[in-house]
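Please keep the sequence and the structure in view while reading.

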Amino acid sequence: MKSVGAMIQQLDGLINTGDLNAWESQFMTNLVLRTVHGRDTGTLSERQIDRLQELYVKHFGDAESA
């Protein structure tokens, strides 16, 4: 499975491109800021990780791929 950090990095590239709606863009901005500031992605809730995976699959396909 693709790591949470890797999914965040890939989706970071979509922020402010118009590919994400306003809520998705804000959600991803918050996740990126957490990782940029050295906060552990392991502190994300199960629901946040689920939403991250949904966004990843929506834009890049299967999250199970390496």
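The text below takes up the salt bridges, then the helices, and then the nonpolar core with a few individual residues.

The model is a predicted one, in which local features need a pLDDT of at least 70 and side-chain atom pairs count only at pLDDT 80 or more, whereas totals for chains, interfaces and linings use all residues. Residues are numbered from 1 along each chain as its sequence is written, and side-chain values use heavy atoms, with hydrogens and water left out.

**Salt bridges**

There are 3 salt bridges in the structure, a salt bridge being a side-chain nitrogen of Lys or Arg within 4 Å of a carboxyl oxygen of Asp or Glu.

| Pair | N to O distance |
|---|---|
| Arg51 and Glu24 | 3.6 Å |
| Glu24 and Lys58 | 2.9 Å |
| Arg51 and Glu54 | 3.1 Å |

The bridge between Arg51 and Glu24 joins distant parts of the chain, since Arg51 lies in helix H3 (residues 46-60) and Glu24 in helix H2 (residues 22-36), 27 residues apart. Helices here are DSSP runs (H or I, at least four residues), as strands are (E, at least two), and they are numbered from the N terminus. The bridge between Glu24 and Lys58 likewise links distant parts of the chain, with Glu24 in helix H2 and Lys58 in helix H3, 34 residues apart. Arg51 and Glu54, on the other hand, are both in helix H3, where a spacing of 3 residues separates them by about one helical turn. An α-helix has 3.6 residues a turn, so residues three or four places apart point the same way. Taken together, Glu24, Arg51, Glu54 and Lys58 are linked in a network of salt bridges.

Arg51, at 24% relative accessibility, counts as partly exposed, as does Glu54 with a relative accessible area of 47%, while Lys58 is exposed at 54%.

At the start of H2, a side-chain oxygen of Asn21 comes to within 3.0 Å of the backbone nitrogen of Trp23. Within H2, the residues Glu24, Ser25, Phe27, Met28, Leu31 and Val32 are buried. They lie on the same side of H2, because they cover an arc of only 165° around the axis, the arc being that of the directions from the helix axis to the C-beta atoms. The cover over the buried residues of H2 includes helix H1 (4-12) and H3.

H3 also has 15 residues, and reaches 21 Å from its first C-alpha to its last, close to the 21 Å expected at 1.5 Å a residue. In H3, Leu52, Gln53, Leu55 and Tyr56 are buried, and they share one side of H3 because their arc around the axis is only 160°. On the other side of H3, Glu46, Arg47 and Lys58 are exposed. The buried residues of H3 pack against H1 and H2, and just after H3, Gly61 takes a positive phi of about 100°.

**The nonpolar core and single residues**

The largest nonpolar core has 15 residues, of which Ile8, Leu11, Phe27, Met28, Leu31 and Leu52 touch the most other members. H1, H2 and H3 each supply at least two residues of this core. A nonpolar core is a set of buried Ala, Val, Leu, Ile, Met, Phe, Trp, Tyr and Cys residues joined through side-chain atoms within 4.5 Å.

Leaving aside neighbours within four places in sequence, Met28 is in contact (heavy atoms within 4.5 Å) with Ile8, Leu11, Asp12, Ile15, Leu20, Leu52 and Leu55. Val4, in helix H1, is buried with a relative accessible area of 19%. With the sequence neighbours within four places again set aside, Val4 contacts Thr41, Leu44, Ile49 and Leu52. The C-alpha atoms of Val4 and Thr41 are separated by 7.0 Å, although these residues are 37 residues apart along the chain. Gln53, placed in helix H3, is buried at 19% relative accessible area and, not counting residues up to four places away in sequence, touches Met1 and Met7.

Conventions
Buried < 20%, exposed > 50% of the residue type's maximum accessible area, 1.4 Å probe, protein only. Polar contact = N/O pair within 3.5 Å; in protein donor to acceptor, adjacent residues only side chain to side chain. Expected span 1.5 Å × (residues − 1).
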